[in-house]
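Biologist: I have a model open and some labels to question. Can you take me through them one at a time?

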Amino acid sequence: FDEGASYFYLALEPTPPEARTLGAFSRALNDLSQATPVLKQKLLTAFYRCVAADGVVVEREGELLEAITSALGVPSPVWGRWAR
């Protein structure tokens, strides 16, 4: 989380676990889909930095990134092969 937040030079706090619901995620994606293309690209870069911070992007993380790019209506970058 910190790796992605640092991309924006912001001190952010993660969402509390009890607020991490599918509905909240869906609403956030809907809000983010209204962002400018430049902001969407910056967000995707920050998201990738979050999942790649440990040096490995596992299949589940890659699939989540692909779902987010699809929901935002942007082409999915080539993230590489997911670790098994």
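Biologist: What makes residues of H3 count as buried?

Modeller: Buried means under 20% relative accessible area, exposed means over 50%, and partly exposed lies in between, with a 1.4 Å probe and protein chains only. In H3, Lys40, Leu43, Leu44, Ala46 and Val51 are buried. Seen down the axis of H3, these buried residues fall within an arc of 165 degrees, so they line one face of the helix. The arc is taken from the directions from the helix axis to the C-beta atoms.

Modeller: Two notes on the source. This is a predicted model, where local features need pLDDT of at least 70, side-chain atom pairs count only at pLDDT 80 or more, and totals for chains, interfaces and linings use all residues. Residues are numbered from 1 along each chain as its sequence is written, and side-chain values use heavy atoms, with hydrogens and water left out.

Biologist: What do the buried residues of H3 pack against?

Modeller: They pack against helix H1 (2–6), H2 and helix H4 (59–72). Contact here means heavy atoms within 4.5 Å.

Biologist: How do you know how many helices there are in the protein?

Modeller: Helices are DSSP runs of H or I with at least four residues, strands are runs of E with at least two, and both are numbered from the N terminus. The protein has four helices and zero strands. Its pattern along the sequence reads α-α-α-α.

Biologist: How do you know whether the span of H4 agrees with what it should be?

Modeller: The expected span is 1.5 Å times one less than the number of residues. H4 has 14 residues and should span 20 Å; its end C-alpha atoms are 20 Å apart, so the two agree. The buried residues of H4 are Gly62, Leu65, Ile68, Thr69 and Leu72. Seen down the axis of H4, they fall within an arc of 120 degrees, so they line one face. They pack against H2 and H3. The face turned away from that buried side carries the exposed residues Arg60 and Ser70.

Biologist: What follows H4?

Modeller: Gly73 does, and its phi is positive, near 75 degrees.

Biologist: Why is the pair Glu3 and Arg49 called a salt bridge?

Modeller: The rule asks for a side-chain nitrogen of Lys or Arg within 4 Å of a carboxyl oxygen of Asp or Glu. The closest N and O atoms of Glu3 and Arg49 are 2.8 Å apart, so the pair meets the rule. Glu3 lies in helix H1 and Arg49 in helix H3, so the bridge ties together parts that are 46 residues apart in sequence. The count by this rule is one salt bridge.

Biologist: Are Glu3 and Arg49 buried, exposed or partly exposed, and what makes them so?

Modeller: Glu3 has a relative accessible area of 35%, so it is partly exposed. Arg49, at 28%, is partly exposed too.

Biologist: What makes a nonpolar patch on the surface?

Modeller: Patch residues have over 30% relative accessible area and no salt bridge; nonpolar side chains (Val, Leu, Ile, Met, Phe, Trp, Tyr) are joined within 5 Å, like charges within 9 Å. Phe1, Leu10 and Leu12 form such a patch, with about 280 Å² of accessible area together. Areas come from the Shrake-Rupley method with a 1.4 Å probe; for residues, only the protein chains shown count as cover. Leu12 has a relative accessible area of 41%, so it is partly exposed.

Biologist: Where is Ser33, and which residues does it touch?

Modeller: Ser33 is in the loop between helix H2 (22–32) and helix H3 (37–52). Not counting residues up to four places away in sequence, Ser33 touches Lys40, Ala71 and Leu72.
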